[in-house]
Amino acid sequence: HGPYLLGGHCFGGSVAFEIAQRLRRDGEEVALLVLIDVPSRYIESSETAAGRDLAGWVAGLAAIIEQSS
């Protein structure tokens, strides 16, 4: 059981995104999802679809990366 930390690059990022969606749908917690160099449809359909602008999404991602280093 979670919380889960997921990430992926290129196609692996697409897979990580889909895994995160399924985990959340099943009631599991996804604490971190890192997508690197993935098609823009994944970025647009995640946080930005919830009403956040892309700049806010990038700033949030930068804050998460800063906290984990």
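Mentor: Let's start at Asp-37, which sits in the loop between β2 and α2 (40-45). Helices here are DSSP runs of H or I with at least four residues, strands are runs of E with at least two, and both are numbered from the N terminus. Before we go on, keep in mind that this is a predicted model: local features need pLDDT of at least 70 and side-chain atom pairs count only at pLDDT 80 or more, while totals for chains, interfaces and linings use all residues. Residues are numbered from 1 along each chain as its sequence is written, and side-chain values use heavy atoms, with hydrogens and water left out.

Back to our residue. Asp-37 is exposed because its relative accessible area is 56%; the cut-offs are under 20% for buried, over 50% for exposed and in between for partly exposed, using a 1.4 Å probe and protein chains only. Leaving out residues up to four places away in sequence, Asp-37 touches His-9 and Cys-10, where a contact means heavy atoms within 4.5 Å. Ser-14 is 23 residues away from Asp-37 in sequence, and their C-alpha atoms are 9.6 Å apart.

Now follow those two contacts. Cys-10 is in the loop between β1 and α1, and it counts as partly exposed because its relative accessibility is 39%. Its backbone is worth a look: Cys-10 isn't a glycine, yet it has a positive phi of about 55 degrees. Most residues other than glycine have a negative phi, and most peptide bonds are trans. Pro-3 belongs to the segment before β1.

His-9, the other contact, has Ile-36 in β2 as its bridge partner. Strand β1 (residues 4-9) and strand β2 (residues 30-36) run parallel and are joined by 6 bridges; two strands pair if DSSP finds at least two bridges between them. Elsewhere in this pairing, Tyr-4 stands opposite Val-30 in β2.

Leu-6 is also in strand β1, and it counts as buried because its relative accessibility is 17%. Not counting residues up to four places away in sequence, its contacts include Ala-16, Ile-19 and Leu-23, along with Val-30 and Val-34. Leu-6 and Val-30 are 24 residues apart in sequence, but 7.6 Å apart from C-alpha to C-alpha.

Between the strands comes the helix. β1, α1 and β2 form a right-handed β-α-β unit: with the strands pointing away from you, the path from the first strand over the helix to the second runs clockwise. Val-15 is found in helix α1 (residues 11-25), and it is partly exposed because its relative accessible area is 35%. Together with Phe-11 and Ile-19, Val-15 makes a nonpolar surface patch of about 290 Å². Patch residues have over 30% relative accessible area and no salt bridge; like charges are joined within 9 Å, and nonpolar side chains (Val, Leu, Ile, Met, Phe, Trp, Tyr) within 5 Å. A salt bridge is a side-chain nitrogen of Lys or Arg within 4 Å of a carboxyl oxygen of Asp or Glu. The areas come from the Shrake-Rupley method with a 1.4 Å probe, and for residues only the protein chains shown count as cover.

Finally, zoom out. The protein has 3 helices and 2 strands, running β-α-β-α-α from the N terminus. Buried residues make up 23% of its 69 residues.
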